[in-house]
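The tour moves stop by stop.

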Amino acid sequence: MKFSLPEIRHNQAGFEALITLQEQTKDCLFDDIAIDMGTTGWFDADMCAAFGAILYRMGENLNTVKLTNIRPNVENILSKNGFLSHYGREVIPDHWGTTIPYRRFDVKDDRYFADYIETELMRRSEMPAMSPGLLKKFRESIFEIFSNAVLHSRTEQGIFSCGQFFPARHQLDFSVADLGIGIRQNVKENTGLDFAPEDAIAWATEGRNTTKRGQIPGGLGLKLLGEFIDLNGGCIQITSDAGYWRREKGKTVAARLSQPFPGTVVSVEINTADTQSYVLTSELSEADIF
Amino acid sequence: MSQNLELSIFEIVGSPLCVASSDGQKVHDRLAAALREGRSVMLSFHNITTLTSAFLNAAIGQLYGAFSEEQIRSLLKVQDMQPDDLALLKRVVETAKQYFKDPQKFDQAVQEAQGDDNNGA
């Protein structure tokens with residue numbers, strides 16, 4: 001079977017295009033799937049996380065996946081970040097050091113993920129000179145996203161991540177995708193609330209709402225992430241089931257996608273030129289915590 | 001036998017990155033064992049560079065499900081924390097207190113959302 005992929009940007013239309021591919025291929029089994037990327041004139045590298053998740057799912061259904069007619073500019077970036085090495089190409093050196101490699105993790109790979117973030121993101125000399133406070137907050141946010149996938153997705157097929165730094169734009173994009181049950185289903189099973197997919201995402205990012213039940217409390221991860229992004233002047237996008245949710249400059253946009261994504265993608269844009277210190281002005285005493 | 005126990009998170013986790021709920025569980029298990037025996041615990045965050053709410057919820061937040069606020073306040077102390085990490089821990093603790101002490105409020109939040117949902121339907 002042959003499918004065509006349009007340009008993939010880090011926005012609602014980009015997710016919609018990947019979901020369309022997922023929908024077209026979801027019933028394929030023992031098939032040869034050729035994805036024609038001749039019309040893919042642009043591919044935002046962090047979207048490899050969501051794309052990789054969809055392709056991995058095709059592989060789990062014992063399909064043979066081939067990416068064909070890849071344009072040189074797209075092939076270049078997707079070879080540098082290692083994505084195409086999963087599909088028969090060689091990795092090429094990233095002399096500018098602007099890619100954050102594509103990786104797949106299992107839910108028990110917390111340590112491996114932490115090493116990846118430290119090695120590929122935090123300790124790279126090519127990374128922008130972010131303030132220590134911003135670096136710390138950024139690192140924590142990335143780990144909150146991964147923890148969220150580990151704790152809530154129930155994925156058995158893994159967690160996928162990829163990123164890209166844009167020096168001229170002072171922007172760093174990073175995405176984490178999972179092939180789990182999605183936020184809507186998670187909220188429904190744990191609280192009985194049957195939201196529309198986009199409303200379930202909004203609910204999960206608000207106040208003290210949590211789907212956690214049992215002995216370990218929850219409900220802070222996505223809220224902390226949203227607070228940081230608001231302060232930083234960046235942007236966060238969440239795609240889960242057929243819901244799309246975006247928060248930028250304190251404003252949120254929610255929309256319904258034409259078909260469901262088979263899991264959840266959390267995507268952040270970090271403003272690397274942010275000079276806030278993130279040092280708290282109010283002193284909190286160690287004696288005043290409990 | 002010492003009544004006062006000092007636990008190093010770095011020693012328990014073996015890394016400056018305290019991000020996984022499963023690592024938080026290891027810290028929790030030692031803390032809970034000590035608190036059950038009525039021992040005072042000084043929990044050191046020395047050399048810890050990164051914390052997540054998932055780690056702290058597992059390590060400390062879940063203590064509020066088994067011990068009273070008074071027990072925890074009198075027996076557990078923390079040290080060597082940076083101000084922003086202290087602020088995160090405080091939020092985790094406040095969330096945990098609500099989660100365990102006032103489950104009705106959590107349920108109420110759910111019911112309110114359900115009401116909004118129904119109204120909007």
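Is A:Tyr112 buried, exposed or partly exposed? A:Tyr112 is partly exposed, because its relative accessible area of 42% falls between the 20% and 50% cut-offs. Bear in mind throughout that this is a predicted model.

**Stop 1: the rings**

A:Phe105 is buried, at 0% relative accessibility.

Next, select A:Phe113 and A:Phe146. This aromatic pair is stacked, at 3.9 Å centre to centre and 10 degrees between the planes. A:Phe113 counts as buried at 0% relative accessibility. A:Phe146 counts as buried too, at 2%.

Now show the whole group. Ring pairs join A:Phe105, A:Tyr112, A:Phe113, A:Tyr116, A:Phe143 and A:Phe146 into a cluster. Over all chains, the count of aromatic pairs is 15.

One more ring before moving on: select A:Phe166 and A:Arg169. A:Arg169 lies over the face of A:Phe166, 4.0 Å from the ring centre.

**Stop 2: helix 4 and its cover**

Select helix 4 of chain A. Which of its residues are buried? They are A:Asp110, A:Phe113, A:Ala114, A:Tyr116, A:Ile117, A:Glu118, A:Glu120, A:Leu121 and A:Met122.

Show what surrounds them. From chain A, the cover includes strand 4 (99-105), helix 5, strand 5 (159-166) and strand 6 (171-178). From chain B, the cover includes strand 2 (17-18) and helix 2 (21-36).

**Stop 3**

Two packed helices are described by the angle between their axes and the distance between the axes. Select helix 5 and helix 8 (residues 221-232) of chain A. They pack at an angle of about 145 degrees, with their axes 9 Å apart. The crossing of these two helices is left-handed.

Show side chains at the contact:

- Helix 5 of chain A contributes A:Leu134, A:Lys137, A:Phe138, A:Ser141, A:Glu144, A:Ile145 and A:Asn148.
- Helix 8 of chain A contributes A:Gly221, A:Leu222, A:Leu224, A:Leu225, A:Phe228 and A:Asn232.

How do the residues of this contact divide into nonpolar, polar and charged? Seven are nonpolar, four are polar and two are charged.

**Stop 4: A:Thr205**

Select A:Thr205, in the loop between helix 7 (197-204) and helix 8 of chain A. A:Thr205 is buried, because its relative accessible area of 13% is under 20%. Leaving aside neighbours within four places in sequence, A:Thr205 touches A:Leu222, A:Lys223, A:Ile238 and A:Trp245.

Draw a distance from A:Thr205 to A:Glu75. The C-alpha atoms are 36 Å apart in space, and the residues are 130 apart in sequence.

**Stop 5: two positive phi values**

Select A:Asp241, in strand 7 of chain A (residues 235-248). Phi of A:Asp241 is near 55 degrees, a positive value in a residue other than glycine. A:Asp241 counts as buried at 17% relative accessibility.

Then select A:Lys249, in the loop between strand 7 and strand 8 (251-271) of chain A. Phi of A:Lys249 is near 50 degrees, again positive in a residue other than glycine. Is A:Lys249 buried or exposed? A:Lys249 counts as exposed, at 67% relative accessibility.

**Stop 6: A:Asn69**

Select A:Asn69, in the loop between strand 3 (64-68) and helix 3 (72-80) of chain A. Apart from neighbours within four places in sequence, A:Asn69 is in contact with A:Asp36, A:Met37 and A:Gly38.

**Stop 7: chain B**

Chain B has six helices and five strands. Along the sequence, the pattern reads β-α-β-α-β-β-α-α-β-α-α.

Switch to a surface view. Of the 121 residues in chain B, 52% are buried. Finally, take the contacts in chain B between residues at least 6 apart in sequence: 81% of these join residues at least 24 apart.

Conventions. Residues are numbered from 1 along each chain as its sequence is written. Chains are lettered from A and ligands numbered from 1 in the order in which they are written. This is a predicted model: local features need pLDDT of at least 70, side-chain atom pairs count only at pLDDT 80 or more; totals for chains, interfaces and linings use all residues. Side-chain values use heavy atoms; hydrogens and water are left out. Rings of Phe, Tyr and Trp (its six-membered ring) pair if their centres lie within 6.5 Å; planes under 30 degrees apart count as stacked, over 60 as edge-to-face and the rest as tilted. Buried means under 20% relative accessible area, exposed over 50%, partly exposed in between (1.4 Å probe, protein chains only). A charge sits over a ring if NZ of Lys or CZ of Arg is within 6 Å of the ring centre and within 35 degrees of the ring normal. Helices (H or I, at least four residues) and strands (E, at least two) are DSSP runs, numbered from the N terminus. Contact means heavy atoms within 4.5 Å. Axes are lines fitted to C-alpha atoms, for helices over the stretch in contact, and angles run from 0 to 180 degrees between N-to-C directions. A crossing is left-handed if the near helix is turned anticlockwise from the far one by less than a right angle, and right-handed if clockwise. Ala, Val, Leu, Ile, Met, Phe, Trp, Tyr, Cys and Pro count as nonpolar, Asp, Glu, Lys and Arg as charged, and the others, Gly among them, as polar.
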